[in-house]
Amino acid sequence: MKNIFIFGSSGHFKEQFVWLKDSIKASRQKIEIRGIIDDKNYNKIDQLTKLKIYKSNKIKYDKNIFIYIAVGNINIRKIAIKKFSNFNFFSLNHPSAIVSEFAKLGKATTLSPNCVVAGNAKLDDYNNLNTATIISHDCHIQNNNSFGPGTKILGNCKIGNNNYFGGGAVMIPGTRIIDNNTIGANSTIVDNFKSNFKIIGSPGKAKS
Ligand SMILES: CC(C)(COP(=O)(O)OP(=O)(O)OC[C@H]1O[C@@H](n2cnc3c(N)ncnc32)[C@H](O)[C@@H]1OP(=O)(O)O)[C@@H](O)C(=O)NCCC(=O)NCCS
């Protein structure tokens with residue numbers, strides 16, 4: 001039996017908890033959600049789910065324990081990835097998500113309801129796709145990127161690590177961004193960008 005501890009108890013968690021249960025049900029495996037991990041809010045019972053909240057150092061490695069990261073913020077996701085680097089991670093794969101038979105997904109992926117990963121898109125590890133995110137053919141997405149609801153990454157885009165996309169952001173075909181960028185809600189990337197920018201507006205302009 002797999003036992004899941006969910007990292008994070010914020011608004012993201014409140015949405016993802018239900019999708020996680022849908023994903024577990026669809027998998028037809030024996031998987032139990034055992035609790036929540038939150039280093040700022042532990043030794044309590046979460047009022048929404050009635051799950052116990054633990055401090056991260058209380059969770060000891062076991063091959064049957066899986067960590068699920070229910071956090072959108074890139075820096076907090078980094079903390080979870082580092083703290084639990086020797087643990088197994090769980091991927092949420094909502095039954096309404098559509099994944100091409102040619103797509104490749106790495107570990108600890110979140111596919112929220114109505115996501116589409118099309119064609120031969122490749123996602124490395126720890127990527128978080130909120131509702132109705134679309135990743136198109138020939139895209140390559142590296143590690144720990146977070147996509148807000150309705151993000152559209154069109155064909156042949158390249159994305160590095162630790163980028164955060166606000167809801168409704170668009171990358172037009174063939175564009176590239178590297179690491180640690182924040183893309184505003186409803187902003188459109190029409191050029192290539194390197195690292196550490198806020199890219200805002202349509203067409204998106206960089207602010208460092
Ligand atoms: C881009 C973003 C991160 C900027 O946040 P910030 O650094 O606090 O920036 P500010 O709010 O100070 O705004 C800076 C300027 O950009 C403008 N701006 C901010 N976000 C914008 C957006 N998405 N589109 C167009 N303009 C935007 C502001 O109006 C402001 O303009 P001004 O300088 O002329 O006054 C934020 O506005 C945003 O879009 N976040 C995405 C949130 C989201 O979708 N999360 C998903 C949750 S699941």
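Which strands are included in what covers the buried residues of α1? The legends below take up this question and others, using a predicted model.

**View 1. Helix α1 and what lies over it.** The cover over the buried residues of α1 includes β1 (2–7), β2 (31–37), β5 (65–69) and β7 (92–93). The buried residues of the helix are H12, F13, Q16, F17, W19, L20, S23 and I24. One of these, F17, is also the place where α1 bends by about 30°.

**View 2. The length and the end of helix α1.** Helix α1 takes in residues 11–27, which makes 17 residues. With 1.5 Å counted for each residue, the helix should span 24 Å, and its end C-alpha atoms are 25 Å apart, so the two values agree. The helix is followed by R28, which has a positive phi, near 55°.

**View 3. Strand β5 and its two partners.** Four of the five residues of β5 are buried, so that the strand is mostly covered. β5 pairs with β1 in the parallel sense, over five bridges. In this pairing I6 stands opposite Y68 of β5. β5 also pairs in the parallel sense with strand β6 (residues 88–89), over two bridges. Here F89 in β6 is the bridge partner of I67. Between β5 and β6 the chain passes through helix α2 (residues 74–83), and this β-α-β crossover is right-handed.

**View 4. An open sheet of six strands.** The strands of this sheet follow the order β8-β11-β14-β17-β20-β23, and their pairing is parallel. β8 (98–99) and β23 (188–189) stand at the edges; each has a single partner strand, and therefore one side of each has no neighbour in the sheet. Within the sheet, strand β17 (residues 152–153) pairs with strand β20 (residues 170–171) in the parallel sense over two bridges. I153 stands opposite M171 in β20.

**View 5. The largest nonpolar core.** In soluble globular proteins, nonpolar side chains tend to be buried together. The largest nonpolar core in this model has 51 residues. Which residues have the most contacts inside this core? They are I6, F7, I67, Y68, I69 and I135. Two or more residues of the core come from each of β1, α1, β2, β5, β14 (134–135), β19 (164–165) and β20. α1 gives the largest share, five residues.

Notes:
Residues are numbered from 1 along each chain as its sequence is written. This is a predicted model: local features need pLDDT of at least 70, side-chain atom pairs count only at pLDDT 80 or more; totals for chains, interfaces and linings use all residues. The expected span of a helix is 1.5 Å times one less than its number of residues. The bend at a residue is the angle between axes fitted to the seven residues ending there and the seven starting there. A residue is buried if 20 or more other C-beta atoms lie within 10 Å of its own, exposed if 12 or fewer, and partly exposed in between; C-beta atoms are placed from the backbone. Two residues are in contact if their C-beta atoms, placed from the backbone, lie within 7 Å. Two strands pair if DSSP finds at least two bridges between them. A crossover is right-handed if, with the strands pointing away from the viewer, the path from the first strand over the helix to the second runs clockwise. A nonpolar core is a set of buried Ala, Val, Leu, Ile, Met, Phe, Trp, Tyr and Cys residues joined through C-beta atoms within 7 Å.
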